[in-house]
Amino acid sequence: MKSSKMRKALTAALAATLMMASTLTVAASGGSAGSSGSAGVQAPSEGAGDSSESTGGAADSFTESVRTYGAGAQVTVGGKAMKTTVEGAFSSKTVQGMAVTASLDSVKASLGLSGSQTPHIIAFDTDAKKSHLAMKCVNAAAEALGGKVVAALNIDLGAKENGKRITLANGSVGLVVGLPKNADTTKKYSVVCVQPGGVISILEDQDTSPETVTFAVKAGLGTYGIVAR
């Protein structure tokens with residue numbers, strides 16, 4: 001981290017995000033979650049998650065392993081050098097990097113940003129302990145697809161203005177994510193997205209590289225499970 005101020009800001013953002021993630025009001029759908037495009041399926045509500053879960057330890061772990069980068073930074077995704085147009089913070093021991101490659105102007109337009117507002121993304125590993133109900137949905141959808149979850153991320157797509165983070169509710173951006181090192185590159189990959197409110201979406205891979213998966217990250221918080229099938 002470049003400064004203690006940035007570390008504290010990221011810790012606070014992560015803690016708030018984890019609290020939101022732990023209370024996703026979603027449950028596994030009884031039927032198939034779908035198999036193509038980005039059609040959403042409304043899952044039945046199951047009520048709030050376990051609000052007693054502590055987020056301090058997770059936040060501390062995040063700030064120790066976080067990678068921060070600015071707009072235009074060179075990053076490595078799936079073993080390849082890419083330039084990301086969106087600044088953010090990334091912490092994962094499962095996937096191999098991430099980047100937004102669309103132009104900054106097009107991203108701002110998609111998210112409805114104006115003036116000095118700039119897009120900002122936070123992404124970190126998650127599992128059933130951090131996002132219990134969301135992962136139930138991810139695993140159920142993966143089973144319905146006949147696939148297996150190889151990695152799961154909590155992603156919060158927001159914006160910044162005058163140094164303060166803004167929560168967004170509309171728009172999306174394409175995100176390139178490097179598959180885990182041990183991923184079977186002969187498999188077909190898709191992504192299960194679970195959002196607060198109980199919406200499950202199946203997002204197909206938008207690129208042709210066997211080392212990465214590209215999918216639309218929606219504004220706000222979501223849990224994204226990468227599925228091999």
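1. Asp-105 and Ala-109 are exposed on one side of helix H3. On H3, residues 104–111, the buried residues are Val-107, Lys-108 and Leu-111. These three lie on the same side of H3, because they cover an arc of only 95° around its axis; the arc is that of the directions from the helix axis to the C-beta atoms. An α-helix has 3.6 residues a turn, so residues three or four places apart point the same way. Here buried means under 20% relative accessible area, exposed over 50% and partly exposed in between, with a 1.4 Å probe and protein chains only.

2. The model is predicted, and local features need pLDDT of at least 70, while side-chain atom pairs count only at pLDDT 80 or more and totals for chains, interfaces and linings use all residues. Residues are numbered from 1 along each chain as its sequence is written, and side-chain values use heavy atoms, with hydrogens and water left out.

3. On confidence: pLDDT, the predictor's confidence in each residue, runs from 0 to 100. The protein averages 78, and 72% of the residues score at least 70. Over residues 1–63 the pLDDT stays under 50, although the model has 120 contacts for that stretch beyond four places in sequence. Where pLDDT is low, the predicted coordinates should not be read in detail. A contact means heavy atoms within 4.5 Å.

4. The protein has four helices and 14 strands. Helices (H or I, at least four residues) and strands (E, at least two) are DSSP runs, numbered from the N terminus. Of its 229 residues, 46% count as buried. Among contacts with a separation of 6 or more, 71% come from residues 24 or more positions apart.

5. What do the buried residues of H3 pack against? They pack against strand E7 (118–125), E8 and E10. Gly-112 follows H3 and has a positive phi, near 70°.

6. Gln-117 sits in the loop between H3 and E7, and counts as buried because its relative accessible area is 16%. Its side chain makes a polar contact with the side chain of Glu-161 at 3.3 Å. A polar contact is a pair of N or O atoms within 3.5 Å; within protein, one must be able to donate a hydrogen and the other to accept it, and residues adjacent in sequence count only if both atoms are side-chain atoms. Leaving aside residues up to four places away in sequence, Gln-117 touches Lys-108, Gly-112, Lys-160, Glu-161 and Ile-166.

7. An open sheet of three strands has the order E6-E10-E13, with antiparallel pairing. Its edge strands are E6 (98–99) and E13, each of which pairs on one side only. Two strands pair if DSSP finds at least two bridges between them. E6 and E10 (residues 172–178) are joined by two bridges, and Ala-99 has Val-176 in E10 as its bridge partner. Seven bridges join E10 to E13, with Lys-218 in E13 the partner of Ser-172.

8. Is E13 largely enclosed or largely open? E13 is largely enclosed by the rest of the structure, because six of its seven residues are buried.

9. Strand E3 (residues 74–77) has Val-75 and Val-77 on a covered face, and Gln-74 and Thr-76 on an uncovered one. Four bridges join E3 to the antiparallel strand E4, residues 80–83. Thr-76 stands opposite Ala-81 in E4. The hairpin of these strands has two residues between them, and Gly-78 takes a positive phi there, near 60°.

10. Two loop residues can be set side by side. Asn-162, between strand E8 (148–161) and strand E9 (164–166), is exposed, with a relative accessible area of 70%. Its phi is near 55°, a positive value in a residue other than glycine. Ser-209 lies between strand E12 (199–204) and strand E13 (212–218), and is buried at 18% relative accessibility. The Ser-209 side chain reaches the backbone nitrogen of Glu-211 at 3.2 Å. Ser-209 and Thr-185 are 24 residues apart in sequence and 9.0 Å apart in space, C-alpha to C-alpha.

11. How many disulfides does a search of the whole structure find? The search finds zero, a disulfide being a pair of cysteine sulfur atoms within 2.5 Å. Cys-137 is buried, with a relative accessible area of 1%, and Cys-193 is buried at 0%.
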